[in-house]
Amino acid sequence: MRLTGVSPESGWTGLSVRTTLPNASTRPGLRLPGRVTLRAGPHDVPVRQLRLGLVSQVEPDDPGAPRRLVQFHQVTIAGAFVVPAGRRRAVDFAVPLPWETPVTIFGGVPLMSLRMGLRTEASLDVDLDQGALVPIFVHPLPTQQHVLAALDALGFSMRQAGLVDGRLPGVEQGLPLHQRLGWWVAPLYAGPITELEVIFVANAAGLEVLLWADRRLSLAGVTHQSISRFRVWHAGADRVDWVAVVDGWLRYAIDRHAAEAAHADWSARITKSAHVSRPPDQPVHPGYGLGGTAGGAGIGGGGGGGDGT
């Protein structure tokens with residue numbers, strides 16, 4: 001698929017900017033190739049800098065404030081040059097995407113209303129930036145794909161997907177935002193929690209998964225939240241029973257959530273699972289790299305250690 005973004009011509013420079021992507025589908029950590037073509041009008045146009053940025057709608061910290069369009073990552077692909085009058089200048093690029101780039105596609109389907117674009121900015125002078133915006137589609141990493149598929153197999157239904165402004169406390173991040181995926185809880189796990197949010201923080205070695213559990217009693221106005229963290233390696237992910245691993249994560253998180261809840265009468269422990277024939281692996285204490293060696297007995301390279309925050 002070839003997608004193109006074209007800017008309107010500047011009134012006094014006559015410059016137009018066109019961005020073309022041979023394939024707009026990508027994944028975090030990959031390079032996104034493409035070409036920017038600039039065409040000048042009747043006069044030479046000096047360009048100070050050519051930049052590319054990732055843009056998406058982000059929810060602010062204040063729940064009552066509206067979403068806003070944010071450019072959360074930017075790369076310079078060319079320095080100063082001149083586009084001669086009536087001529088074109090092409091700049092090829094292969095921009096590496098951050099490992100923490102939010103996912104917008106799962107199973108070939110967009111995640112709710114989540115959209116992302118690649119913005120091209122041609123800086124002409126201090127007061128004028130001109131560019132084009134072209135959509136891109138970010139598919140999950142294999143480890144993210146496995147976790148999402150396991151939640152689906154366990155009966156969870158996605159209810160929302162969005163980007164939240166700000167960093168997570170105690171989590172090493174490179175981007176100024178994070179993605180939250182909200183799920184309706186599967187019947188097997190209902191009772192101890194009513195809502196689940198999943199947050200991915202990836203790097204080149206592996207993936208940190210945060211499970212944000214919430215038990216909300218709407219009539220009484222009571223709520224209790226807890227966060228559990230798990231770490232997995234990218235290497236060996238295809239050899240893991242991910243349904244069993246994620247089920248173990250969920251029961252660990254729910255049991256911890258229930259133990260910390262202020263009202264024991266509306267929290268209960270999960271003691272059995274209908275989806276696996278053995279108990280979950282014991283969490284592995286944090287070590288080096290992402291914070292722990294992967295898995296326990298029988299899991300190989302993919303299951304991770306859990307800790308609470």
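**Strand pairing, nonpolar cores and salt bridges**

Strands β4 and β9 (residues 88–96) run antiparallel and are joined by nine bridges; strands are DSSP runs of E of at least two residues and helices are runs of H or I of at least four, both numbered from the N terminus, and two strands pair if DSSP finds at least two bridges between them. The structure is a predicted model, in which local features need pLDDT of at least 70 and side-chain atom pairs count only at pLDDT 80 or more, whereas totals for chains, interfaces and linings use all residues. Residues are numbered from 1 along each chain as its sequence is written, and side-chain values use heavy atoms, with hydrogens and water left out.

Strand β4 (residues 31–39) also runs antiparallel to β2 (residues 16–21), to which five bridges join it. Thr-19 stands opposite Val-36 of β4, while Arg-35 has Asp-92 of β9 as its bridge partner.

Arg-35 and Asp-92 additionally form a salt bridge, with 2.6 Å between the closest N and O atoms; the criterion is a side-chain nitrogen of Lys or Arg within 4 Å of a carboxyl oxygen of Asp or Glu. Because Arg-35 lies in β4 and Asp-92 in β9, this pair ties together parts 57 residues apart in sequence. Arg-35 is partly exposed at 41% relative accessibility, and Asp-92 is exposed at 53% (buried means under 20% relative accessible area, exposed over 50%, partly exposed in between; 1.4 Å probe, protein chains only).

The count of salt bridges comes to nine. Among them, Glu-208 pairs with Arg-231 at 3.6 Å between the closest N and O atoms. Glu-208 belongs to β17 and Arg-231 to β18, so the pair links parts 23 residues apart in sequence. Both partners are buried, Glu-208 at 8% and Arg-231 at 10%. Salt bridges with shared partners also join Arg-51, Arg-119 and Glu-121 into one network.

The largest nonpolar core comprises 36 residues, of which Phe-156, Trp-242 and Trp-249 touch the most other members; such a core is a set of buried Ala, Val, Leu, Ile, Met, Phe, Trp, Tyr and Cys residues joined through side-chain atoms within 4.5 Å. Elements giving two or more residues to this core include α1 (142–153), β17 (206–217), β18 (222–233) and α2 (242–260). Helix α2 supplies the largest share of this core, seven residues. Beyond its neighbours within four places in sequence, Phe-156 is in contact (heavy atoms within 4.5 Å) with residues including Leu-151, Trp-183, Tyr-189 and Leu-250. Apart from this core lies another, of 34 residues, among them Val-36, Leu-38, Leu-97 and Leu-177.
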